[in-house]
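This briefing is meant to be read beside the sequence and the model.

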Amino acid sequence: MTLLERARTVGASRDVATAPRGATVEDLRRSVRRRLAMEKVAALMAENPERARNELRAACRQTFAEGGWERVSVEDRERLVNDLVDVVFGMGPIDGLLEDDTVTEVMVNGTQSIYYERQGRLHRSPAVFASDEQVRVLIDRIIGPLGRRIDEASPTVSARLPEGHRVHAIIPPLSPDGPLLTIRLFSRRVMTLDEMAAGGSFGDDFRQMLVWAVVARKNVAVSGGTGSGKTTLLNALSCHIPHGERVITIEDSAELKFTEHPHVVRLEARPSNAEGTGEVTIRELVINALRMRPDRIIVGECRGGEALDMLQAMNTGHEGSLTTLHANAPQEVVDRLVTMVRYAVDLPLDAVEAQIGNAFDLIVQTTRARDGTRFVSAAAEVSFDQRRRACELVPLYERGLGEACGQWLAEPSWVAQAARAGLIDGREVERWRRQLPWQVAR
C-alpha cells in the first residue's frame, strides 16, 4: 500500500467516526478542511466567487467519494453541501431570513435558538447553528471587512452590513451561553407617508400636517421606543424635502435612506480601533457639518452631548432639520434633551430649555402596540415661555392603544403662519380644517 493510499485510508476511517447517520454541517466542514484549506477558499472568493464555490463543492464530492459517508443519504448530503456553502459564503441558517423583506430583526441566541421579528411579532426559526464556532465565524466574517474585531478583551461590537443592516454581537464571557448576534434589517426601499397612512399609522389629515411641517422648514423631532418606526418615519419625511436644498445626514450607524433626494451628504461616526484610538463622535460630525454649507441637518439619533450642537445648529439658520430620540412621550423628549445637554456642558436649566423651545417646532411620538402594529400616538408643538422661562408643549394630536384613529386637540400655530407667508397653499389649509374629525381650536 502506497503512502497516499494509507493517508486516504486514515482519512476515510476518520470520516466514519465523524459522519454518523445524523451528520451535521460541522462534521462535513471538518472533513473538507483536511482536503481544502478554508483560507484558500476565502482568498479565491475575493477574486472569483463562482470558482470558489465550485472548489468547495468539488471538495465535498471528493469527501463523499472517499468513504465514510455511506450511511448518509444522497438528499442529506446535498443539504449538507448547501448548508456548508451558506456557512462559508453566506449567513448560514439565517441566510433566508436576511433575504426575506418581511423580516425586520434576526436574533441568534448561540446554538440554542434563532428568533426573528415579522410585523412586530417574534417567531422562532426551525433552523439553528450547529456550534458556537459557526456563530463566531459568521460574526468575524461580518465585522472583518469593516476593520473591526471581537475577542475576550473586547467582547462586544456594533457594525453595519453593506446593505445597511445594523449588527450587534456579544460573546463569552459576557454571554455565558454562547455568542449572541442581533441584526436589525431595513427595507431596501423607502416607505412613503402615503403608504404609512394607508397602513394605519395615521390618517390622511395627519399626513398632510407632516408634509406641511417639512415644506415650511419646521424642525421636527421623532421620538419613540426601540422598533417603534422612528427611522421609517424620518425616511418618509425626507421624501418631501425640496430638491434644491443640500441635506447632510449624521448617524452613529448609517441607516437612513434618502434615496429620493439628489443632494444628500452622508456622515457616519467611527468607533475607536483595536488600539483604542481613531474615534470620531456624532458631536464632532455635527460641528464639521456646520462648515459644509448645509440647508438641513438630519441627526439619526441624539444620545449624548451632540444634542447641544444640534440645538445650536437649529437656532442659527438651519431650519427644517430632523432628528430622532428615544422617549416614551413628547414631554420626556424635553427632559432627555435637558439631561443630554447638561451632560455636555453645565448650563442653567432655563438656558437649556430656551435652546430646546426655540429650536424645535414639532415632536411626533411613535408607538409599537403589543400586536406589532406601529402608529403615531401623539404630537405636540414646542415653544418657549419667556415669562415662565420654561419650555412649553401644546398637545396637538393623540391616539391611544386599540384606537383606529387619533383625535386632534389643537391646530399647530405655524400652519396659519406658513399659509400667510405663501409657504403652503391657503386653500388646502381651509379644506384640511373642514376634513378634521372635529373642529379644533385655532
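Is R217 buried, partly exposed or exposed? R217 is partly exposed because its relative accessible area is 24%, where buried means under 20% relative accessible area, exposed over 50% and partly exposed in between, computed with a 1.4 Å probe on protein chains only. This is a predicted model, in which local features need pLDDT of at least 70 and side-chain atom pairs count only at pLDDT 80 or more, while totals for chains, interfaces and linings use all residues. Residues are numbered from 1 along each chain as its sequence is written, and side-chain values use heavy atoms, with hydrogens and water left out.

**Salt bridges**

- The count comes to 17 salt bridges, a salt bridge being a side-chain nitrogen of Lys or Arg within 4 Å of a carboxyl oxygen of Asp or Glu.
- R217 forms one of these with E245, and the closest N and O atoms of the two are 2.8 Å apart. Helices (H or I, at least four residues) and strands (E, at least two) are DSSP runs, numbered from the N terminus.
- E245 counts as buried because its relative accessible area is 12%.
- E117 forms a salt bridge with R368, the closest N and O atoms lying 2.5 Å apart. Here too distant parts of the chain are linked, since E117 belongs to strand β2 (residues 113-118) and R368 to strand β12 (residues 362-368), 251 residues apart.
- E117 is buried because its relative accessibility is 8%, whereas R368, at 34%, counts as partly exposed.
- A network of salt bridges links E117, R368 and R374.
- D295 forms a salt bridge with R293, with 2.7 Å between the closest N and O atoms; D295 is buried at 16% relative accessibility, whereas R293 is exposed, with a relative accessible area of 57%.

- Strand β4 (residues 156-160) has a covered face made of V157 and A159, and an uncovered face made of T156, S158 and R160. In a regular strand the side chains alternate between the two faces of the sheet.
- β4 pairs with strand β5 (residues 166-170) in the antiparallel sense over 5 bridges, and two strands are said to pair if DSSP finds at least two bridges between them.
- I170 in β5 is the bridge partner of T156.
- The hairpin has 5 residues between the strands, and G164 takes a positive phi near 100°.

**Loop residue S125**

- S125 sits in the loop between β3 (121-124) and α7 (132-143), and it counts as buried because its relative accessibility is 10%.
- A polar atom of the S125 side chain lies 3.2 Å from the backbone nitrogen of A127.
- Leaving aside neighbours within four places in sequence, S125 is in contact with L97, I114 and Y116, contact meaning heavy atoms within 4.5 Å.

- α10 is largely enclosed by the rest of the structure because 7 of its 9 residues are buried, namely K230, L233, L234, N235, A236, L237 and S238.
- In helix α14 (residues 349-359), the residues V352, E353, A354, I356, G357 and A359 are buried, and the buried residues of α14 pack against α12 (306-314), α13 (330-344), β13 (374-385) and β14 (390-398).

Note on methods
Polar contact = N/O pair within 3.5 Å; in protein donor to acceptor, adjacent residues only side chain to side chain.
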